[in-house]
Structure formats: C-alpha cells, structure tokens
Amino acid sequence: MIPITVVDVADAEPLVLEVLRSGVIAQGPMVKRFEDAFAQVAGVPHAVAVNSGTTALVAAIQVLDLQPGDEVVTSPFTFVATLNAILEAGATARFADISRTDFNLDPNSVAGAVTDRTKVLMPVHLYGQMADMGKLGPLAEEHGLALVEDAAQAVGATFDGKPAGSYGLGCFSLYATKNVTTAEGGVITTSDDKIADRLRVLRNQGMRARYQYEVAGHNYRMTDLHAAVGIPQLEKLAELTEIRRRNAAALTDGLAGVPGLHTPAVLPGRDHVWHQYTVLVDGDRDEFAAKLTERGIGNGTYYPKLVFDYDCYRDHPGVIASDAPVAASVAAQALSLPVHPKLTPAELDTIITTVREVLGA
Ligand SMILES: Cc1ncc(COP(=O)(O)O)c(C=O)c1O
C-alpha cells in the first residue's frame, strides 16, 4: 500500500533526548525556540505555541472578547475542529459557500453572509492553498471584522508573497499528519504585541506571574518534548515543501486529460504547500476510492459532508446552517491522493498508472 501520509520525525531524537535529560519537560526553553522558528516561517513577530490546532482557534477567538450571539463567518467545507472551536469559544457560526477552483471561501458569498452580528471572518486555507486574501482581507476591513485564519493545513503557504498566518490571527495545527508536526500541537501567529501577550496569559491559566490571575484562562500549553519534535522539521520545511511541490507537479502532469478527473489548480499569486493533493471526480467518488484502496493506493476523503451536516449540529443554537451548493458538490467529488515527501518516483508512477486504469483512461 502506498500510504496517503507518512510521519517521519526520526531526526528529532537528539533534541527529544536533550529535553528528557534536562528534566524540563513541560513548557520551557524548547517551546520558546520552536516559537521563534515558527514566527519566522509565518513572517510575524509572535508565535504562541499551544497544545492543538483546535485550542489555537479557540484561544484566537477568545482573545477577541466576543459577546454571546456574535457571529463568525467560515467555510462549510472544512475539518470539524473549525466549527467546534467557534462553539467552544461561545460564538455563533455562520457559513458562506466556497469556490470550486481553490476549495476555499468565495469572497462574493462571504459578502452575502455578513450580518450586523458578524465580528470575525475565518477563512480556512484548505489542503495547503490560501484563500483569496486579496479580496477577503479588504472585505473584513470594510465590515470591521477580525480576521482569524484557520491555517491548520497551510504552514509555509503564501498569498501575494505574504505567508499564511500573517494576514490576521493565524491558527496552525501540528497534528501528526500535518506538514510540520509535534504529534499534537498548535500555534497562533500575530503581529499584534498586545494580542500575543494576552494569548500567552490565556494559555497559562490566565496567570501573568505566579498566582497573579488576569483573566479566566486555561491550560493550552505545549510541552518542551513536543516542541523538540517540531524544531528539526521547521529547519527542513522549505526543502520538504519543495518535494511536495514536485510530487504535485508530477501528479498533475501524469493525470492530465483523464476523463472525469479534475486535478487541483494553483491560483496565480499563491504558493501551495500541498498538505493534500485533492482531485474532483465526476463519477462515484466512493467507488473510485474503494478501487484505489483495493489496488494499494492510499487515499482520503476530506471531507465527505458539509461540516454542519451532522445530527449533533442540527438544532445547535450556535450553528446557522445555510445552503452551500458548491461546497456540497465538492464534498461529494473530492478525493485526496498521496503527495507526501516520502513518495518515490516509482510510487508516483504507480499512483498515476493506477488512477488512469481505474478511470479507464
Ligand atoms: C482545517 C483544520 N482546522 C483545524 C484543525 C485542528 O487541528 P488539531 O487536530 O491540531 O486540533 C485541523 C487539523 O486537524 C484542520 O485540518
């Protein structure tokens, strides 16, 4: 089986051992080192490490001091954490449709979803390509909205040369299968000194100095053990991303002209970091996926339904569901193929040949 993803953190061993031997295993100097390196990648002065991408999103919303009933406009085509974080932070989620070209929020649809209760615009940079920040940024400004980027899948991506996480409050996931991982973990990036300071206090039980509580906080801390896992990957990120790009280009080349298959587009002005290589299939996506699995090609359906289309959200007071026809059709057609940096040229060929065979091309 050619797996959809491979987790390779073997070169973290020396740093992890250093942490274990130091006895400082919770948040300490290694987290600071990780944060400094991450801030550079995101092109901002501050990176605040936390214990998951979900808590990054929760903390980013919490720090904005929303009132009950305040709305966050986001994408319905995303991992459930986007929605869960909005609800956990006590806000209300409203949805705009996406664009078929980049699978991200469509600025025209966003304009129609903004109400007088909207306080936050939360684009999701899905699969590693940033949303249309050239339009979403000004739109947020026009309506006085805070921008919180769900950049969980987009570390190192850029739009007009500006990195993910530098447009607003950037929220990244460091989950095991992400382009940079600490096993579990997350980061919030910001250029705002005050917000960074408040996030650091919030992360640590609302405590500025020992037993000096400023807000009702939480334990969102990352550990030095986790940070040590991530540091070598940040050092190699440019190189690993370049391999992902080459793999994606090989797939797009090899899959060109297959009837009923639409390869992913890289839109002008955007650097895609290929967290996923996601095609759209015209026929029965699930049958196609099953056939690929049968023939040893790992694949993933991210995501099979709109994020709010589950019973637990049906009558949820914090969820304002709406029609999103483009997102609904994409959810029925999208399938991700392996693009990870461990793929060999022979495996890339096998993926291409097998997809062609299965689709009769
Ligand atoms: C788009 C998106 N948002 C949020 C998250 C949440 O991150 P985590 O799993 O680290 O909590 C993820 C990753 O799983 C994600 O893909």
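Residues are numbered from 1 along each chain as its sequence is written, and side-chain values use heavy atoms, with hydrogens and water left out. Because the model is predicted, local features need pLDDT of at least 70 and side-chain atom pairs count only at pLDDT 80 or more, while totals for chains, interfaces and linings use all residues.

## Overall form

The protein has 13 helices and 16 strands; helices (H or I, at least four residues) and strands (E, at least two) are DSSP runs numbered from the N terminus. For 361 residues, a compact globule would have a radius of gyration near 21 Å, and the value of 20 Å for the protein agrees with this. That radius is taken over C-alpha atoms, and the globule rule is 2.2 Å times the number of residues to the power 0.38. Along the principal axes, the C-alpha atoms fill a box of roughly 65 × 55 × 40 Å.

Of the 361 residues, 53% count as buried. Buried means under 20% relative accessible area, exposed over 50%, and partly exposed in between (1.4 Å probe, protein chains only). The accessible surface comes to about 15,100 Å², and carbon and sulfur atoms hold 53% of it; areas come from the Shrake-Rupley method with a 1.4 Å probe, and for residues only the protein chains shown count as cover. Among contacts between residues at least 6 apart in sequence, 71% join residues at least 24 apart, where contact means heavy atoms within 4.5 Å.

## Strand pairing

Two strands pair if DSSP finds at least two bridges between them.

| Strand | Partner | Sense and bridges |
|---|---|---|
| E4 (residues 118-122) | E5 | parallel, two bridges |
| E5 (residues 146-150) | E8 | parallel, three bridges |
| E8 | E9 (residues 186-190) | antiparallel, four bridges |
| E6 (residues 158-159) | E13 | antiparallel, two bridges |
| E7 | E6 | antiparallel, in the sheet E7-E6-E13 |

Strand E8 (residues 169-173) is mostly covered, with five of its five residues buried. In a regular strand the side chains alternate between the two faces of the sheet. In E8, Leu169, Cys171 and Ser173 point one way and Gly170 and Phe172 the other, and all are buried. Glycine 170 in E8 is the bridge partner of glutamate 149, and glycine 170 also stands opposite threonine 189 in E9.

Strand E5 is largely enclosed by the rest of the structure, because four of its five residues are buried. Leucine 147 in E5 is the bridge partner of leucine 121.

A separate description applies to the open sheet of three strands in the order E7-E6-E13, with antiparallel pairing. Its edge strands are E7 (162-163) and E13 (270-271), each pairing on one side only. Phenylalanine 159 has arginine 270 in E13 as its bridge partner.

## Aromatic contacts

The structure holds 10 aromatic pairs. Rings of Phe, Tyr and Trp (its six-membered ring) pair if their centres lie within 6.5 Å; planes under 30 degrees apart count as stacked, over 60 as edge-to-face and the rest as tilted.

The rings of phenylalanine 77 and tyrosine 303 have centres 6.3 Å apart and planes at 75°, so this pair is edge-to-face. Phenylalanine 77 lies in the loop between strand E2 (71-74) and helix H4 (80-88), and tyrosine 303 in the loop between helix H10 (285-294) and helix H11 (311-314), so the pair ties together parts 226 residues apart in sequence. Phenylalanine 77 is buried at a relative accessible area of 0%, and tyrosine 303 counts as buried at 14% relative accessibility.

Tyrosine 303 also pairs with phenylalanine 79: the ring centres are 6.0 Å apart and the planes at 35°, so the pair is tilted. Phenylalanine 79 lies in the loop between E2 and H4, and this pair ties together parts 224 residues apart in sequence. Phenylalanine 79 counts as partly exposed, at 45% relative accessibility. Phe77, Phe79, Phe103, Tyr127, Tyr302 and Tyr303 form one aromatic cluster.

Two lysines sit over tyrosine rings. A charge sits over a ring if NZ of Lys or CZ of Arg is within 6 Å of the ring centre and within 35 degrees of the ring normal. The charged end of lysine 162 is 4.7 Å from the ring centre of tyrosine 167, and lysine 305 lies over the face of tyrosine 310 at 4.5 Å from the ring centre.

## Asparagine 179

Asparagine 179 is in the loop between E8 and E9 and counts as buried at 8% relative accessibility. Not counting residues up to four places away in sequence, asparagine 179 touches Val155, Gln233, Leu237, Arg244, Val273, Trp274 and His275.
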